[in-house]
Amino acid sequence: VTDDVKKALVRGSPTALVRTGSKGLTTRGLLEIESAERAETSRQWKLISEMSPEEVRKSLLTSNATGLPNLRAFAETERNSGPAPVVAISNLDGLEAFRDTFGPTARNALQRGKADALRKAGLDAYHDEDHLRDMYLFRGESPEELRTKLEKARTILRGIQFEVADSGGAKRTAQGADFQYAIGRDLAEAEENLALKKGWGWGGPGWGKYGREAD
Amino acid sequence: VTTGIVRRLSPEEEELAKKRDELALLQVQLAERELYVANLRAELTGFEGRYLRQVGVLYAELDDWSAKIAELVAEESGTDEARSAATQARAQAAESRSASHSEVAESKQFAPSPELKSLYREVAKRVHPDLASDDTDRTQRERLMAQANRAYENGDAEALRRILQEYEGSPDSVRGTGVAADLVRILRQLKQVRNRLAQIEEEIASLGKSDIAILQAKAEDAGKKGRDLLAEMAANVQGRINVARHNYESEARRLRTIL
């Protein structure tokens, strides 16, 4: 068996395992389109070797989803400037349900909407997208300062209208969204307070990332 | 001076009137949602038909060439592994061929006229199985509703009219056997209609998440940017067919030379 023939076999049936009648043919087409889209996206990325040191630094410190500084940026700031007197953690309400109802594009729009609201409220916000619960972290001088700004951000976010399409394709306007937040002396304390507010329960999925582990 | 005796409704009659109004509203809502889901189903089936005719047939052809190559490989190597791969590739080719020439592939683009929509809405409002008063009535309504769904998908307005006439002429369409019995029946109908509305929402959500719906959304997005996604896919698969055919022919020539 020549290598060429083996390669041809592989090229000939890229998704040979998808075998469920006409649905299989549909799935196969969709998989190939998504694969082509991923390839196109990665083609548009600048090679690291083509990036300036500043661009590399920015890329490492920025959340792809929201453009906010990321968890690494939070850690850098804590180490460079010392720990903030108080910190807060917030989490969007019903993000998963929103994604299930309106799709991933609408979910991304909601995340960007929240990031805008946080910026407009003057918050020193960081987006930890590499987390099961999609967390936002904040540094502040006092609990009152953080509370005032976070409440302002909530008001802004509640007022935003999102153009979305439901699962049936019908266009709808979703009125705003809300998030919960909690303040603490450090991330572990804030996380614990937020878990209580959200009713997540000790030791649930994604718990303990910022400090205390479940027993 | 005119005087008259106004009969006051009994509490049961008042309740019945209230529930009747409630049911009438839900009937309209049910008919709208049935129409919506019927449109969605037919639209997706129409798109799937187009996809299968334009791209699916090419996948089937590609799989056929892949099977031929696998059979050549099996013939040359004679190993169990190669024979098994060839059998599997041939089964895949047969399946793709059958799927790309299935009934769905015959489906045309769905574009119902306003009259057809209105007729379907009327049938759903009057004949819907969840408005049945008893099991016999339900059986008849289910049969008529199934016919109505087929007629709607085929764009057959005449058949929808016949279904309406048939139902209106049947004894089950006649109402009224006393307040208490009516109330019980209407409460049961309300429950059934609410259940069906919930089922429709689930079906809409499930259809919206299906691969064909995602594919259709991608095709529409591409269309807005002036691209024809299905044509692009077809060209891509055709290119792979050409490569597979070339590989098969050169491998077949090589084998003939050896033998």
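Residues are numbered from 1 along each chain as its sequence is written, while chains are lettered from A and ligands numbered from 1 in the order in which they are written. Because the model is predicted, local features need pLDDT of at least 70 and side-chain atom pairs count only at pLDDT 80 or more, whereas totals for chains, interfaces and linings use all residues; side-chain values use heavy atoms, with hydrogens and water left out.

Confidence comes first. The score pLDDT is the predictor's confidence in each residue, from 0 to 100. Chain B has a mean pLDDT of 85, with 95% of its residues at 70 or more. Chain A averages 77, and 76% of its residues score at least 70. For the complex, the predictor gives an ipTM of 0.74 and a pTM of 0.63. Over residues 1–21 of chain A, pLDDT stays under 50, and the model has 43 contacts beyond four places in sequence for this stretch; a contact means heavy atoms within 4.5 Å. Where pLDDT is low, the predicted coordinates should not be read in detail.

Next comes the layout of chain A. It holds eight helices and six strands; helices (H or I, at least four residues) and strands (E, at least two) are DSSP runs, numbered from the N terminus. From that end, the order of elements is α-α-α-α-β-α-α-β-β-α-β-β-β-α. Of the 215 residues in chain A, 40% are buried. Buried means under 20% relative accessible area, exposed over 50%, and partly exposed in between (1.4 Å probe, protein chains only). Chain A exposes about 11800 Å², of which carbon and sulfur atoms supply 52%; accessible areas come from the Shrake-Rupley method with a 1.4 Å probe, and for residues only the protein chains shown count as cover. Among contacts in chain A with a separation of 6 or more, 59% are between residues 24 or more positions apart.

Two strands pair if DSSP finds at least two bridges between them. Strand 1 (residues 86–92) of chain A runs antiparallel to strand 3 and is joined to it by six bridges. Strand 2 (residues 125–128) of chain A is also antiparallel to strand 3, with four bridges. A125(A) has F138(A) as its bridge partner, and S90(A) stands opposite Y136(A).

S90(A) belongs to strand 1 of chain A and is buried, at 0% relative accessibility. Its side chain makes a polar contact of 2.6 Å with that of K114(A). A polar contact is a pair of N or O atoms within 3.5 Å; within protein, one must be able to donate a hydrogen and the other to accept it, and residues adjacent in sequence count only if both atoms are side-chain atoms.

H127(A), in strand 2 of chain A, is likewise buried at 0% relative accessibility. A polar contact of 3.0 Å joins its side chain to that of T66(A). Beyond four places in sequence, the contacts of H127(A) include L68(A), N70(A) and Y136(A).

The last topic is the largest nonpolar core. A nonpolar core is a set of buried Ala, Val, Leu, Ile, Met, Phe, Trp, Tyr and Cys residues joined through side-chain atoms within 4.5 Å. The largest one has 50 residues, and M233(B) is one of those that touch the most other members. Helix 1 of chain B contributes the largest share, 20 residues. Leaving aside neighbours within four places in sequence, M233(B) is in contact with G29(A), I33(A), Y51(B), V55(B) and Y59(B). A second, separate core has 27 residues, among them L92(A) and A106(A).
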